[in-house]
Amino acid sequence: MATPVEPPVPQRRPPPTVVHLSEDWLSVWIGMLVFVLSLGLLAGLDTLGWAVTTSVWTSPAKALAPASKNYAHLPGLVSLLLTYLAMLVVLMAGAKAIGASVKRFAQGFTVIFAVSYACWFLGSWAYIAATPDKRAALHLPWSLNLTNESGFIIALVVGLVIGNFMPGLAAWLKEAVRPELYIKTAIVVLGGFLGIMVLDQRRLASAMIFQGLCAIVCAYLIFWPIVYFVARRYFGFSREWAAPLASGISICGVSAAIATGAAIRARPVVPVMVSSLVVIFAVVELLILPFGAQHFLSGSPMVAGAWMGLAVKTDGAAVASGAIAESLIRAKAAANGINFQPGWILGAATTVKVFIDIMIGVWAFVLAWVWTTKIEQRADQKVSAKQIWQRFPKFVLGYVVTFLGVMVLGTLVPSLLPKVKTAMGQANIFRAIFFVLTFFTIGVLSNFRKLWQEGIAKLAAVYVLCLFGYIIWVGLLISWLFFSGMLPPTVKG
Amino acid sequence: MPEPVIGEEIRKMESEYEPLLPVEKKLIWYTFATGVGLCVLLVLLSHLFK
């Protein structure tokens, strides 16, 4: 019997591959948008003057106001609503670009913004925030002396409650729970603000940048091998687990674990597991170390800032710890009649963290070379420049551009400096909002129940031993060696 | 991505122990020694040019 000839099956074209923007690049674009809009002032356009500021308040009705006098006619609540709507529109476009569900993102972001700003507002209550030098003006008999950045701690605690006791709500918010996006955007904006600091205090800022680079090179090379050795020799972890674990604990948490996992070609589950542990312990550090820094290092504020950058893992938690340490140390100093200029302790933490992020790419390259040529001996597999570029944290580029942009403007056209300062002040409003969103979402993301998962104890044991027995103390020593004797400038008057 | 079962991973590692290779020992100690050496050098340099 003849086989029936089947009609040719028309070949289907494969569906077009949709390439989404990475969260990393998105943070660069959003940060740059804020930066560029703020510079509208140079052309006489007050493009961000409507953004809301929250002052330390005794009467809630007087707490909120627009940033610029040009918008003084706007009620504070309208300014807050405009700020929310502007961020919502930009971030919804961003959500679409990274392939997230825009509707779910908008719903989640609305709740996250509302809760986070409420925490920020509460943290600005004079009884919580006022420093001793401001009490008389506010007619206060006492205050907790925590500065308005206590709003960060409140946001973190509220986030932790939701993340651990309200799993349904945490899951509903998930699409907008993106602490890495928020903190990276904040860091891009922060670049411009730090540029102003450098223009004001060139010598101190250059020293801070140089010492930060030195500290990082040493910390990388001293932390990583010991953690790797402990994981391999004493806990019996395989090479596939020990390398991402060592990078996660000793370098920069999630990004380093993922970059190292890719460099040594570990299965994707390995860095994912390490990362979930990193996030949990970063929150523990965030809750403890800034208070330790205030108690023991209030006389060495820059050491404290660098220590936060070196010891606390994940970009969000490290920069957040720098912000809390700054508020606590400045408050303590203010009680003793010393008013340190804001931004320097946070600047030290951020500088160290940015260098860490840059070094991740370099270290991943070194590990990839060692693994392919020496351990697995696949000399044919070379690490290409493209791979190194893929592993490079892109938000660092945004930070460098805003930092250098302000430096170049201020140096070449000094007459523009007052306007650039005002512009960076307005951009800084969004930096603070992105910070508080970061704190809240870090809390939501930290699920401590993971610690009860079968087998996690061994992984956590390496983490606890190396972090609290080695990294924190060696990080403190390195910070001390490079930053001792360096003090932030004081505010006159 | 499926959630990794960490318990199974740990059991597997305990049954198939990978000893430290000489090249790993070299990586560990050379890196550490470079770190300590650089630390001393950079501290000296930074204090010299303060």
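Let's start where helices α8(A) and α13(A) pass each other: their crossing is left-handed. A crossing gets that label if the near helix is turned anticlockwise from the far one by less than a right angle, and is right-handed if the turn is clockwise. Helix α8 of chain A covers residues 179–200, and its axis packs 9 Å from that of α13(A), at an angle of about 50 degrees. The two are therefore oblique to each other; the scheme calls angles under 35 degrees roughly parallel, over 145 roughly antiparallel, 65 to 115 roughly perpendicular and the rest oblique. The axes are lines fitted to C-alpha atoms, for helices over the stretch in contact, and angles run from 0 to 180 degrees between N-to-C directions. On the α8(A) side, A:Pro179, A:Glu180, A:Ile183, A:Lys184 and A:Ile187 meet A:Asp315, A:Gly316 and A:Val319 of α13(A). Sorted by class, this contact has 4 nonpolar, 1 polar and 3 charged residues.

## How to read the model

This is a predicted model, in which local features need pLDDT of at least 70 and side-chain atom pairs count only at pLDDT 80 or more, while totals for chains, interfaces and linings use all residues. Residues are numbered from 1 along each chain as its sequence is written, and chains are lettered from A and ligands numbered from 1 in the order in which they are written.

Helices (H or I, at least four residues) and strands (E, at least two) are DSSP runs, numbered from the N terminus. Two residues are in contact if their C-beta atoms, placed from the backbone, lie within 7 Å. Ala, Val, Leu, Ile, Met, Phe, Trp, Tyr, Cys and Pro count as nonpolar, Asp, Glu, Lys and Arg as charged, and the others, Gly among them, as polar.

Helices α2 (residues 76–97) and α3 (residues 102–123) of chain A pack with their axes 10 Å apart, at an angle of about 145 degrees. Their crossing is right-handed. From α2(A) the contact takes A:Tyr84, A:Met87, A:Leu88, A:Leu91, A:Met92, A:Ala95 and A:Lys96, and from α3(A) it takes A:Val102, A:Phe105, A:Ala106, A:Phe109 and A:Phe113. These residues divide into 11 nonpolar, no polar and 1 charged.

## Inside chain A

Helix α12 (residues 301–311) of chain A is mostly covered, with 11 of its 11 residues buried. A residue is buried if 20 or more other C-beta atoms lie within 10 Å of its own, exposed if 12 or fewer, and partly exposed in between. The buried residues of α12(A) pack against α9, α11, α13, α14 and α18 of chain A.

The largest nonpolar core has 178 residues, and A:Phe152, A:Ala215, A:Ala306, A:Met308, A:Ala320, A:Val436 and A:Phe440 touch the most other members. Its largest share, 17 residues, comes from α9(A). Such a core is a set of buried Ala, Val, Leu, Ile, Met, Phe, Trp, Tyr and Cys residues joined through C-beta atoms within 7 Å. Beyond its neighbours within four places in sequence, A:Val436 is in contact with A:Ser116, A:Cys119, A:Trp120, A:Gly151, A:Phe152 and A:Ala155.

## Where the chains touch

The contact between the chains takes 34 residues from chain A and 25 residues from chain B. In chain A, helices α9, α10, α11, α14 and α18 each supply at least two residues of that side. Helix α9(A) gives the most, with 13 residues. By class, the side of chain A that touches chain B has 23 nonpolar, 5 polar and 6 charged residues.

Chain B itself has 2 helices and 0 strands. Of its 50 residues, 20% count as buried.

## Some single residues

A:Lys62 sits in the loop between β1 (52–54) and β2 (64–66) of chain A, and counts as exposed because it has 10 C-beta neighbours inside 10 Å. Another loop residue, A:His139, is found between α5 (132–138) and α6 of chain A. A:His139 has a positive phi of about 55 degrees although it is not a glycine. Most residues other than glycine have a negative phi.

A:Gly410 lies in helix α16 (residues 395–412) of chain A and is partly exposed, with 18 other C-beta atoms within 10 Å. A:Gly410 and A:Ile196 are 214 residues apart in sequence, yet 8.0 Å apart in space, C-alpha to C-alpha.
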